[in-house]
Amino acid sequence: MDSTELGESEVFTNLTQALYEYGEQVRDMYKKKLLDADAKASGKLINSVKAFVAYRGIEFEVFLELEDYWKYVEQGIQPAGKYGNPGWKAYPFILKWIQVKPVLPTPDKKTGKLPTEKQLAFLITNKIVNKGIDRRPLLADSIEAVNRYYMKELEEAIQKDFDAYAISVLNEAGKIVKI
């Protein structure tokens, strides 16, 4: 389990555990969707996904740690001149990606020659600059799917913690409660 906590809740133990499990469910589904969508490339994004639960006072948050470029997979990239297109700044990253993946180019139709890695990076970057990249909301889909079946678990965890807390307050006040 690579979920960790930032703070310890003495009162909300069931909720804390349920949120850990929720984060892990989202993480695991997102990794699966990345693989199913053939969005693996170097594997760096998939291997970077970690879930965390943070507790501060009575606020709980579930975080996912991801590589910075997750947003380009999730939201896509508009053609050049539109917000969010990195333009030619993406070239060195595309070149590195080609070297890691590795990408197998097809021969030029006129000459029959294969492009070099740099030429291939130019062609791919040029396509991104001019046509963009389609969005693949795999994280949003993962969160939505986990929410559909996991909200009931979270509600039950909150209820268990509330019941336990109410009983402990009543017991401390001398009103012994047995359930």
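Predicted model: local features only at pLDDT ≥ 70, side-chain atom pairs only at ≥ 80, totals over all residues.
Residues are numbered from 1 along each chain as its sequence is written, and side-chain values use heavy atoms, with hydrogens and water left out.

The chain contains six helices and three strands, where helices (H or I, at least four residues) and strands (E, at least two) are DSSP runs numbered from the N terminus. In sequence order the elements follow the pattern β-α-α-β-β-α-α-α-α. Of the 179 residues in the chain, 31% are buried; buried denotes under 20% relative accessible area, exposed over 50%, and partly exposed the range in between (1.4 Å probe, protein chains only). Contacts are defined by heavy atoms within 4.5 Å. Among contacts between residues at least 6 apart in sequence, 67% join residues at least 24 apart. The chain exposes about 12,200 Å², of which carbon and sulfur atoms supply 56%; accessible areas were computed by the Shrake-Rupley method with a 1.4 Å probe, and for residues only the protein chains shown count as cover.

Helix 4 (residues 91-100) has the buried residues Ile-94, Leu-95 and Ile-98. These residues cover an arc of only 100° around the axis, which puts them on the same side of helix 4; the arc is that of the directions from the helix axis to the C-beta atoms. An α-helix has 3.6 residues a turn, so residues three or four places apart point the same way. The cover over the buried residues of helix 4 includes helix 5 (117-131). Phe-93 and Lys-96 are exposed and lie on the face of helix 4 turned away from its buried side.

Aromatic pairs were assigned to rings of Phe, Tyr and Trp (its six-membered ring) with centres within 6.5 Å; planes under 30 degrees apart count as stacked, over 60 as edge-to-face and the rest as tilted. Phe-12 is partly exposed, at 23% relative accessibility. Phe-12 and Phe-60 also belong to one aromatic cluster with Tyr-55.

Tyr-22 and Tyr-150 form a tilted pair, their ring centres being 5.9 Å apart and their planes at 45°. Tyr-22 lies in helix 1 and Tyr-150 in helix 6 (residues 138-172), so this pair ties together parts that are 128 residues apart in sequence.

A salt bridge was assigned where a side-chain nitrogen of Lys or Arg lies within 4 Å of a carboxyl oxygen of Asp or Glu. The count under this rule is four. Among them, Asp-36 pairs with Lys-32, with 2.6 Å between the closest N and O atoms. The two residues are four apart in helix 1, a separation of about one helical turn, and Asp-36 is exposed at 57% relative accessible area. Glu-144 and Arg-148 form another salt bridge, at 3.3 Å from N to O. Both lie in helix 6, again four residues apart, or about one turn of the helix. Glu-144 is partly exposed at 48% relative accessibility, whereas Arg-148 is exposed at 61%. In the salt bridge between Glu-61 and Arg-56 the closest N and O atoms are 3.4 Å apart. Glu-61 is partly exposed, with a relative accessible area of 36%, and Arg-56 is also partly exposed, at 48%.

On the surface, Val-11, Tyr-165 and Val-169 form a nonpolar patch with about 240 Å² of accessible area together. Patches are made of residues with over 30% relative accessible area and no salt bridge, with like charges joined within 9 Å and nonpolar side chains (Val, Leu, Ile, Met, Phe, Trp, Tyr) within 5 Å. Val-11 is located in the loop between strand 1 (4-6) and helix 1 (13-36) and is partly exposed, with a relative accessible area of 35%.
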